[in-house]
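Have your questions ready, and we'll check the values against the cut-offs.

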Amino acid sequence: MNEVEIYTDGACKGNPGPGGWGVLMRSGTTQKELYGGEAGTTNNRMELTAVIRALEALKRPCAVTLYLDSQYVLKGITEWLPGWKAKGWKTASKQPVKNVELWQRLDDLLRQGGHVVDWRWVRGHNGDPGNERADALANLGVATVQR
């Protein structure tokens, strides 16, 4: 399996408002950057979208170390997802899961992609070079919407 290091981040100017997502991918000596934006969105949606776009960009099953600064995405994928699925995509308080279509897409990518993902939280805006670059890319994504 190819080893890939991925940094993801989302940004939003207003919540909701124009938002962007950014991805920095590294494998060996190869580096790839991705970004995009949406007009009326939230920070959580952009954080999720960044992870989805990163995994969609992988062409074959990979051993992924995925760095993110979003507790929402990290806890969602490592803690809450099995319960949501068991309850028919409802929360513990029987409310519909927010951003359900994004969570379902992420779940599908993880089940079908064959990737082994090591989820690692990093503190945002704390000088980690990969996280800082993903943040800058997310802000480029916002800028594409604000033009």
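Q: Where does His-125 sit?
A: His-125 is in the loop between strand E5 (116-121) and H4. Helices (H or I, at least four residues) and strands (E, at least two) are DSSP runs, numbered from the N terminus. Keep in mind that this is a predicted model, where local features need pLDDT of at least 70, side-chain atom pairs count only at pLDDT 80 or more, and totals for chains, interfaces and linings use all residues. Residues are numbered from 1 along each chain as its sequence is written, and side-chain values use heavy atoms, with hydrogens and water left out.

Q: Is His-125 buried or exposed, and how do you know?
A: Buried means under 20% relative accessible area, exposed means over 50%, and partly exposed is in between (1.4 Å probe, protein chains only). His-125 has 58% relative accessibility, so it counts as exposed.

Q: What makes the backbone of His-125 worth a look?
A: His-125 has a positive phi of about 55° although it is not a glycine. Most residues other than glycine have a negative phi.

Q: What kind of peptide bond runs from Asn-15 to Pro-16?
A: That bond is cis, with omega near 20°. Most peptide bonds are trans. You'll find Pro-16 in the loop between strand E1 (2-12) and strand E2 (17-27).

Q: Why is the link between Arg-133 and Glu-33 called a salt bridge?
A: The label needs a side-chain nitrogen of Lys or Arg within 4 Å of a carboxyl oxygen of Asp or Glu. For Arg-133 and Glu-33 the N to O distance is 2.8 Å, so the pair passes. Arg-133 belongs to helix H4 (residues 129-146) and Glu-33 to strand E3 (residues 30-41), so this pair ties together parts that are 100 residues apart in sequence. Arg-133 is partly exposed at 32%, and Glu-33 is partly exposed too, at 33%.

Q: How many salt bridges does the structure hold?
A: Nine. One of them joins Arg-111 and Asp-108, at 2.5 Å from N to O. These two are three residues apart in helix H3 (residues 100-113), so about one helical turn separates them. Arg-111 has 51% relative accessibility, so it counts as exposed, while Asp-108 at 26% is partly exposed. Another salt bridge pairs Arg-120 with Asp-118, with the closest N and O atoms 2.8 Å apart.

Q: Which residues are linked with Arg-111 in a network of salt bridges?
A: The network links Lys-85, Asp-107, Asp-108 and Arg-111.

Q: How do you know whether Val-73 is buried or exposed?
A: Val-73 shows 0% relative accessibility, so it counts as buried. It's found in helix H2 (residues 71-86).

Q: Which residues does Val-73 touch?
A: A contact means heavy atoms within 4.5 Å. Leaving out residues up to four places away in sequence, Val-73 touches Glu-47, Leu-48, Val-51, Leu-68 and Trp-103.

Q: What about Asn-139, and where is it placed?
A: Asn-139 is in helix H4. Its relative accessible area is 26%, so it's partly exposed. Not counting residues up to four places away in sequence, Asn-139 touches Ala-11 and Lys-13.
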